[in-house]
Amino acid sequence: MEVVIAPAQELAVLAADAVEGVLGSRGEPVLGLATGSSPLAVYDELVRRHVEEGLSFGRAWGFMLDEYVGLSADHPQRYRNVIATEIADRVGWPAERVAGPDGAATDLPAACAAYERSIAAAGGVDLQILGIGTDGHIGFNEPGSSLASRTRIKTLTQQTRVDNARFFDDEVDQVPTHCLTQGLGTIMEARHLVLLATGRHKAQAIHQLVEGPVSALWPATVMQWHPHATVLVDEAAASRLQLAGYYRQTYASKPSWQGL
Ligand code: F6R
């Protein structure tokens, strides 16, 4: 696992570099998309490259990590709409090439199974962008999630609903109680995991992710088993890392031509 500690804007550029590398790597590259605050600076940087440098998403496939259950099709916080607003529409990504689990399906387990099949049919995810919850979730795999889980229905923790109330006019009761999420087993099949975290409120989760024992109590710790996982954190999110000096030294001595 590589840990990079740098200012937030630098982290966004590094992640965008990795995405750009994947976009140019094969005919129909596959990106895994996260919602929430953490990837927004990355999406802004990708939009800038699209507008100023012609970076194209036209042949890429996008698969979202998760989706709330029960929000109406036009709800602005439905993750399908968030991804359209934050990146897809801004880079001219054809809507039919960006998919998410269908949180409005009448048969939710069937929708989850169909989503797994569509990721597999696209050849799997080349690069998965991730954020992390203060309770250690990735996707919406809350504490107690099976480390081998697949896309399924999950109940959100109260902590996650409180954390996300800022997207729902600070009304926690407006935050859905359930979601569909790629499982930890699904996420672990992506060929490269790139997780971003900023702010002191993420420091405990980042410490556990990088240095804690692998445990369903901190679901992101499963990433310790991934052969190509990158953790991009600012100083505040890195503030509880025991080996921060070592991670800094390792990254500083990395050849400049080598990407993430
Ligand atoms: C969102 C997702 C979540 C978020 C996490 C952090 O698609 O899968 O795991 O990445 O809740 O959210 P922010 O970035 O808003 O702090």
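Me: Are Arg49 and Glu45 buried or exposed?

Reply: The model is a predicted one. In it, Arg49 and Glu45 are both buried. Buried here stands for a relative accessible area under 20%.

Me: Where do Arg49 and Glu45 lie?

Reply: The two residues belong to helix α2, where four residues, about one turn of the helix, separate Arg49 from Glu45. Their side chains meet in a salt bridge, with N to O at 2.8 Å.

Me: Which residues are linked with Arg49 and Glu45 in a network of salt bridges?

Reply: The network also includes Asp17, Glu20, Arg48, Glu52 and Glu53.

Me: How many salt bridges does a search of the whole structure find?

Reply: The search finds 15 salt bridges. One of them joins the side chains of Arg59 and Glu28, at 3.8 Å from N to O. This pair links distant parts of the chain, 31 residues apart: Arg59 is in the loop between α2 and β3, and Glu28 is in the loop between α1 and β2.

Me: How exposed is Arg59, and how exposed is Glu28?

Reply: Arg59 has a relative accessibility of 52%, so Arg59 counts as exposed. Glu28 has a relative accessible area of 33% and is therefore partly exposed.

Me: Which residue forms a salt bridge with Glu28 at 2.8 Å?

Reply: That residue is Arg97, with its closest N and O atoms 2.8 Å apart from those of the pair's other member, Glu28. Arg97 counts as buried because its relative accessibility is 15%.

Me: Let us turn to empty space. How does one find where it is left?

Reply: One rolls a probe the size of a water molecule over the atoms, and this shows where empty space is left. In this structure, the largest pocket has a volume of about 510 Å³. Its lining consists of 32 residues, and the closest to the centre are Gly36, Ser37, Ser38, Ile132 and Lys202.

Me: Which element gives the most to the lining of the largest pocket?

Reply: Helix α1 gives the most, with four residues. At least two residues of the lining come from each of α1, α2, α5 and β9. By residue type, the lining divides into 14 nonpolar, 14 polar and four charged residues.

Me: How many residues surround the ligand?

Reply: There are 14 residues around the ligand, and the closest are Thr35, Ser38, Asp66, His137 and Gly139.

Me: What does the side chain of Thr181 reach?

Reply: The side chain of Thr181 reaches the backbone nitrogen of Phe140, at 2.9 Å. Thr181 has its place in strand β8. Thr181 counts as buried because its relative accessibility is 0%.

Me: How should I read separation along the chain against separation in space?

Reply: One compares the two values for a pair of residues. Ala6 and Ala238 are 232 residues apart in sequence, while their C-alpha atoms are 9.4 Å apart in space. Ala6 is in the loop between β1 and α1, and Ala6 counts as buried at 7% relative accessibility. In another pair, Gly70 and Trp225 are 155 residues apart along the chain, and 34 Å separates their C-alpha atoms. Gly70 is found in the loop between β4 and α3, and Gly70 counts as exposed at 64% relative accessibility.

Note on methods:
Residues are numbered from 1 along each chain as its sequence is written. This is a predicted model: local features need pLDDT of at least 70, side-chain atom pairs count only at pLDDT 80 or more; totals for chains, interfaces and linings use all residues. Side-chain values use heavy atoms; hydrogens and water are left out. A salt bridge is a side-chain nitrogen of Lys or Arg within 4 Å of a carboxyl oxygen of Asp or Glu. Buried means under 20% relative accessible area, exposed over 50%, partly exposed in between (1.4 Å probe, protein chains only). On a 1 Å grid over the protein atoms alone, a cavity is a set of points where a 1.4 Å probe fits but cannot get out, and a pocket is an open set with protein on both sides within 12 Å along at least five of seven lines; lining residues have an atom within 4 Å of a point. Grid points are joined across faces, edges and corners, and a volume is the space filled by probe spheres set on the points. Ala, Val, Leu, Ile, Met, Phe, Trp, Tyr, Cys and Pro count as nonpolar, Asp, Glu, Lys and Arg as charged, and the others, Gly among them, as polar. A residue is near a molecule or strand if one of its heavy atoms lies within 4 Å of it. A polar contact is a pair of N or O atoms within 3.5 Å; within protein, one must be able to donate a hydrogen and the other to accept it, and residues adjacent in sequence count only if both atoms are side-chain atoms.
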